[in-house]
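Thanks for coming. I will go through one structure today, piece by piece. Please have it open while I talk.

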Amino acid sequence: MIRFTNVTKSYGRGTTALMDVSLFIAKGEFVFFSGASGAGKSTLLRHVYMDERPTAGEVRVGGYRSIEVSRRDVAKLRRKLGIVFQDFRLLEDRTAEANIAFALEVIGTPRSKIRDRVARALHQVGLSTKGTSMPGELSGGERQRVAIARAIVNDPFVLVADEPTGNLDDRASRGVFELLAEINARGTAVLMATHDLELIRRADFRTIELADGRVIHDSAGDGESLPLVENS
Amino acid sequence: MSATRELFIGLRRAPLLSLLSVVTIAFALFAVGLFGLVALNIQRALAQVEERVEVRAFLLDGATDDERVAAMAAVSAYPEVAQVDYLSPDQALEKARQELGEFSDVFESGFLPASLEIRLKPGFRDPNTVALVVTRIRAIPAVEDVRYGRDWLEKLYDLRNVAAAAGLVLGLTFAAVAVIIIGASIRMTVLARAPEIAIMRLVGATDGYIRRPFLLDGLVKGLLGGTLALVLTWFAHLAITRYVIPTAFFDSRTALLGLLAGALLGLMASSVSVGRHLRRI
């Protein structure tokens with residue numbers, strides 16, 4: 001479903017963010033990406049939603065290949081993905097409902113369907129009663145839940161979460177993680193970058209560790225190493 | 001979500017910014033409008049002077065009526081000629097007296113010869129064409145001499161050429177400044193909505209979808225700014241006419257073209273601004 005083949009990403013002035021990364025993520029998997037700041041986690045995730053293209057190698061997500069996608073294809077791909085950030089990225093001048101509805105409106109979803117789908121997404125993240133609240137009236141955890149609701153309202157096959165708990169306290173972090181795990185249990189693959197080693201240890205999901213742009217460890221939740229590239 | 005709805009949402013969220021954009025565009029176009037007004041009136045003044053370009057063919061003293069009629073017919077047949085009038089010696093004297101006012105008594109009867117007053121059609125009043133027409137008139141047997149104020153005509157055309165060149169350079173400069181100001185003003189709108197654009201891209205909106213409300217925004221602001229500029233130019237025209245010198249205003253077709261140009265500038269500025277922004281994100 002997601003395949004990185006010998007992906008290298010270099011920027012000018014000799015900076016290399018990813019170095020010869022190869023990995024495969026199957027449908028419905030939950031994968032943690034761990035590593036120190038600057039290890040390449042966010043860069044790797046940006047390749048998944050094709051905000052970045054490899055300098056060398058290839059990324060395949062669903063039926064889309066990084067070497068041939070157009071900007072229009074990237075837009076189509078993102079309609080099938082959900083993306084969540086540490087800083088929430090909500091529109092501060094719209095209610096929670098409007099923020100979620102926005103994701104459906106801009107891809108041309110009929111207005112008759114938007115209301116129900118927004119209500120369902122809010123229910124899924126446990127914020128049914130907060131739909132009319134402005135982001136400024138919500139706690140950090142609640143804001144992240146709204147961002148997650150916006151990410152899942154379109155029933156994505158992958159949810160990309162870049163440090164979603166980075167700005168939250170322990171309790172809110174746990175709540176957000178549990179929500180992501182529930183979403184995963186319903187069949188959506190979740191790719192989550194995090195610094196939180198305690199969370200990784202408790203969760204028992206596959207973890208891919210990066211350092212200096214390289215994959216230095218890839219393990220299944222039970223501790224067994226997984227092949228970096230699927231043998232298929 | 002239609003582009004129109006997004007446009008109104010944008011206007012409602014940032015009314016001051018929208019107003020500022022419209023006023024900025026209006027003043028940029030007002031400068032162009034004022035320049036246009038000056039150019040139009042200089043052009044008209046020159047055209048009025050140009051209308052006075054007249055060729056006078058003096059007839060031989062002993063020219064018969066038949067020769068006069070033949071000369072008039074020949075000159076009238078020239079494609080450059082609009083009108084030919086015969087002036088008898090008495091009529092010439094009367095006209096000279098009228099033109100000289102208080103010095104009218106210096107002339108006596110019979111002093112001036114009979115002549116043909118020839119007016120040329122617009123487009124044939126430049127020095128070269130007039131000189132060619134004069135050469136042909138000189139070849140007519142009944143014509144003794146031809147005068148047309150050559151030096152004056154050449155100076156007029158020099159002035160016209162200088163005015164046209166200065167007008168072109170100034171006009172292009174004003175238009176370029178207007179384009180830059182309008183571009184900067186629309187860019188502010190794009191930057192103010194950068195978070196929305198980023199989220200639109202993130203959730204899969206196409207570039208075309210993101211661009212549409214901004215194009216409409218630029219079009220509407222250009223049109224509103226153009227209308228305001230036209231109103232300001234109209235008031236400037238009224239004030240100049242009242243306090244300085246009577247001036248002409250643009251005809252309705254030119255005014256409409258100005259409005260459309262404003263709308264088009266807004267549209268283009270938006271297209272460039274949002275296009276540049278989208279390429280960066």
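I start in chain B, with B:Thr129: this residue is buried because its relative accessible area is 16%. Buried means under 20% relative accessible area, exposed means over 50%, and partly exposed is in between, with a 1.4 Å probe and protein chains only. B:Thr129 sits in helix H5 of chain B, residues 127-138. Helices (H or I, at least four residues) and strands (E, at least two) are DSSP runs, numbered from the N terminus. Leaving out residues up to four places away in sequence, B:Thr129 touches B:Glu80 and B:Phe124. Contact here means heavy atoms within 4.5 Å.

Some ground rules before going on. This is a predicted model, in which local features need pLDDT of at least 70 and side-chain atom pairs count only at pLDDT 80 or more, while totals for chains, interfaces and linings use all residues. Residues are numbered from 1 along each chain as its sequence is written, chains are lettered from A and ligands numbered from 1 in the order in which they are written, and side-chain values use heavy atoms, with hydrogens and water left out.

Still in chain B, the chain is divided into domain 1, 3-48 + 157-280, and domain 2, 54-147. Those bounds come from an automatic or database domain assignment. The C-alpha centres of the two domains of chain B are 51 Å apart.

pLDDT is the predictor's confidence in each residue, from 0 to 100. For chain A the mean is 90, and 94% of the residues reach 70 or more. Residues 221-232 of chain A stay under 50, and the model has 23 contacts for them beyond four places in sequence. Where pLDDT is low, the predicted coordinates should not be read in detail.

Next, the sheets. Strands of a sheet pair through backbone hydrogen bonds, either parallel or antiparallel. Two strands count as paired if DSSP finds at least two bridges between them.

One open sheet in chain A has six strands in the order S6-S7-S8-S3-S9-S10, with mixed pairing. Its edge strands are S6 and S10 (214-219), each of which pairs on one side only. On average, neighbouring strands of this sheet are turned by 15 degrees against each other, direction ignored.

Look at S7 of chain A, residues 158-162. How many of its five residues are buried? Five of the five are. On one side are A:Val158, A:Val160 and A:Asp162, on the other A:Leu159 and A:Ala161, and both faces are covered. S7(A) pairs in the parallel sense with S6 (residues 81-85) over five bridges, and A:Phe85 stands opposite A:Asp162. Five bridges also join S7(A) to S8 (residues 189-193), again running parallel, with A:Ala161 opposite A:Met192. From S7(A) to S8(A) the chain passes through helix H6, residues 170-185, in a right-handed β-α-β crossover. Right-handed means that, with the strands pointing away from the viewer, the path from the first strand over the helix to the second runs clockwise.

Two loop residues follow. A:Glu163, in the loop between S7 and H6 of chain A, has a positive phi of about 50 degrees although it is not a glycine. A:Phe88, in the loop between S6 and helix H3 (96-105) of chain A, has a phi near 65 degrees. A:Glu163 counts as buried at 10% relative accessibility, and A:Phe88 counts as buried at 10% too.

The other sheet is an open one of four strands in chain A, ordered S2-S1-S4-S5, with antiparallel pairing. S2 (16-25) and S5 (64-65) stand at the edges with a single partner strand each, so one side of each has no neighbour in the sheet. S1(A) and S4 (residues 56-61) are joined by five bridges, and A:Phe4 stands opposite A:Val59.

A:Val7 is in S1 of chain A, residues 2-10, and counts as buried at 0% relative accessibility. A:Val7 and A:Pro54 are 47 residues apart in sequence but 5.9 Å apart in space, C-alpha to C-alpha. Beyond four places in sequence, the contacts of A:Val7 include A:Leu18, A:His47 and A:Val59.

I will stop there and take questions.

Conventions:
Axes are lines fitted to C-alpha atoms, for helices over the stretch in contact, and angles run from 0 to 180 degrees between N-to-C directions.
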